[in-house]
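The structure is shown first, and the notes follow it.

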Amino acid sequence: MTELRVRFAPSPTGMFHVGGARTALFNWALAEQAGGRFVLRIEDTDATRNRPEWTEGIISALDWIGVNGSNPAFEGPYFQSAYEPQHREAVAKLLADGKAYYCDCTREALQARTGSEHKGYDGHCRGRGLTEGAVRFRTPDEGATVVDDVIRGRVEFPNDAQEDFVIARTDGSPLYVLANAVDDITQGITHVVRGEEHLGNAAKQQLLWPALGATPPVWAHLPVIVNEQRKKLSKRRDKVALEDYRAEGYLAEAMVNYLMLLGWGPGDDREIMPWAEMMPLFRLEDVNSSSAYFDEKKLRAFNGEYIRALPVDTFEERCAPYLEADWDRETFSKVAGLAQTRIALLSEIRQNVDFLFLDEPVFDQASWDKAMKNSPVEILTGFLERLDTVSWDPESLKEALEEVGAAHGLKLGKAQAPVRVAVTGRTVGLPLFESIEVLGRERSQDRIRAALARLRG
């Protein structure tokens with residue numbers, strides 16, 4: 001039985017697109033469940049993009065989502081540039097077999113012959129017997145080229161609508177459509193799973209594979225990923241870089257879970273599923289051909305679910321990069337469990353706990369204006385007096401503020417607003433009385449005194 005071999009072949013671009021991550025994961029799932037191989041091949045023949053740090057970025061991004069050499073299914077990375085001799089040999093073979101020919105036509109000459117800049121190549125050089133120039137593959141004149149796509153079914157490309165396409169430049173360097181096919185053949189790729197924008201290339205490669213003496217692979221072209229306006233995700237318009245989401249504090253587990261559901265589902269109502277459960281259920285046949293909506297709000301909700309499911313000590317470790325190095329970790333540990341239930345991104349941890357580590361809170365002006373409207377001086381003064389003698393635990397602190405509020409006709413919700421802003425700088429955040437307990441008696445009193453001084457001008 002032939003080993004299943006899929007490949008992921010990104011080009012270095014300086015960022016790793018979430019659509020590419022989805023493609024990599026679908027390929028990874030196929031390789032893992034079949035005991036096959038996931039082949040990473042870097043398309044590095046474009047000299048303007050051939051930068052080592054960009055290649056490292058691809059490898060790092062894949063590693064973050066769990067696609068890496070720690071699993072025996074992983075193979076690579078290979079580099080397309082290393083296969084240039086095979087590319088040139090393939091061109092020579094196609095020329096020798098009469099399946100390709102040289103062409104010296106310019107765009108201007110073609111337009112002059114056809115009378116249109118929109119018409120395809122007219123086959124002018126097919127019988128001229130040239131010995132130099134660009135190299136074109138000779139497509140059939142009749143019938144149709146059929147791509148049997150696992151996701152899209154039978155897709156026919158009328159041959160009279162396919163021009164003789166260029167496979168090598170005048171300097172002999174191969175174009176993507178040939179190099180990609182040759183690399184796949186050389187590496188024994190059995191399944192090509194990629195974005196639907198490559199469906200047109202599949203029609204050409206469906207012709208190239210047998211012309212090079214190989215059986216075409218299983219084709220599967222994934223649905224395009226769109227934004228809220230149902231436009232294809234674009235790096236010029238949308239947030240598409242996986243690195244950006246990682247930096248914001250999205251968990252790899254949540255990102256993997258969400259990306260796997262863009263165009264595919266396990267067939268029941270479950271959405272929050274770890275990789276170990278999703279991978280065995282994945283089937284190319286179940287991928288929807290319709291476009292998939294990248295809903296960042298939903299991804300954020302997924303991330304919140306995964307954050308809340310972390311063991312608290314793991315949560316603390318994940319938060320560490322978003323905290324200042326000199327912030328006391330013992331103090332953070334006292335509130336980590338409280339913060340864990342209130343954030344959806346790891347980067348939000350800072351604004352929830354910074355008041356514990358700063359000499360004075362960073363006041364949000366809108367929060368201050370809102371909280372300091374209704375009898376704040378009386379509430380703050382009364383609570384400050386109680387802090388001298390109250391037992392230092394959340395329940396006692398709460399009872400003390402309730403009594404102060406009741407004395408001024410306010411329920412706890414109204415009474416605690418000015419206290420919260422005085423102590424933390426914001427109207428929302430961690431539970432107030434647990435926060436005061438950790439902050440300590442003296443620091444809490446100092447902050448309330450400072451707020452009163454600010455109010456009194």
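## Valine 177 in helix α5

Valine 177 is found in helix α5, where helices (H or I, at least four residues) and strands (E, at least two) are DSSP runs numbered from the N terminus. The model is a predicted one: local features need pLDDT of at least 70, side-chain atom pairs count only at pLDDT 80 or more, and totals for chains, interfaces and linings use all residues. Residues are numbered from 1 along each chain as its sequence is written, and side-chain values use heavy atoms, with hydrogens and water left out.

With a relative accessible area of 7%, valine 177 is buried; buried means under 20% relative accessible area, exposed over 50%, and partly exposed in between (1.4 Å probe, protein chains only). Leaving aside neighbours within four places in sequence, valine 177 is in contact with Phe165, Val166, Asn201, Lys204, Gln205 and Leu208, contact being heavy atoms within 4.5 Å. Phenylalanine 165 is 12 residues from valine 177 in sequence and 9.3 Å away in space, C-alpha to C-alpha.

## Packing of α3 against α5

Two packed helices are described by the angle between their axes and the distance between the axes. For helix α3 (residues 84–96) and helix α5 (residues 176–186), the axes come within 9 Å and cross at roughly 105°. Axes here are lines fitted to C-alpha atoms, for helices over the stretch in contact, and angles run from 0 to 180 degrees between N-to-C directions. The two helices are therefore roughly perpendicular to each other; the classes are roughly parallel under 35 degrees, roughly antiparallel over 145, roughly perpendicular from 65 to 115, and oblique for the rest.

On the α3 side the contact involves Gln86, His87, Ala90, Val91 and Leu94, and on the α5 side Leu178, Ala179, Val182, Asp183 and Thr186. These residues divide into 6 nonpolar, 3 polar and 1 charged. In this scheme Ala, Val, Leu, Ile, Met, Phe, Trp, Tyr, Cys and Pro count as nonpolar, Asp, Glu, Lys and Arg as charged, and the others, Gly among them, as polar.

Isoleucine 167 is found in strand β8 (residues 166–168) and, at 0% relative accessibility, counts as buried. Among the residues that isoleucine 167 touches, not counting those up to four places away in sequence, are Val91, Leu94 and Leu178, which also take part in the contact of α3 with α5. Others touched by isoleucine 167 include Ala100, Val135, Phe137 and Leu208. The C-alpha atoms of isoleucine 167 and alanine 134 are separated by 7.8 Å, at 33 residues apart along the chain.

Arginine 41 lies in strand β2 (residues 37–42) and is buried, with a relative accessible area of 0%. The side chain of arginine 41 makes a polar contact with the side chain of aspartate 183 (3.5 Å). A polar contact is a pair of N or O atoms within 3.5 Å; within protein, one must be able to donate a hydrogen and the other to accept it, and residues adjacent in sequence count only if both atoms are side-chain atoms. Not counting residues up to four places away in sequence, arginine 41 also touches Asn180, Asp184 and Gln187, among others.

## Backbone geometry

Most residues other than glycine have a negative phi, and most peptide bonds are trans. The peptide bond from glycine 76 to proline 77 is cis, with omega near 10°, and proline 77 is found in strand β3 (residues 74–79). Glycine 76 is 35 residues from arginine 41 in sequence and 6.7 Å from it in space, C-alpha to C-alpha.

Arginine 230 has a positive phi, near 60°. Arginine 230 is in the loop between β11 and α7 and, at 51% relative accessibility, counts as exposed.

## Record annotations

UniProt places the feature "binding site" (unreviewed entry) at Lys235; UniProt positions are given in the numbering used here, feature names are shortened, and annotations may be inferred rather than shown by experiment. Lysine 235 is in the loop between β11 (225–226) and α7 (242–248). Not counting residues up to four places away in sequence, lysine 235 touches Met15 and Val240.

UniProt also places the feature "domain: Aminoacyl-tRNA synthetase class I anticodon-binding" (unreviewed entry) at residues 315–452. That span is 63% helix and 0% strand, and its end C-alpha atoms lie 36 Å apart.
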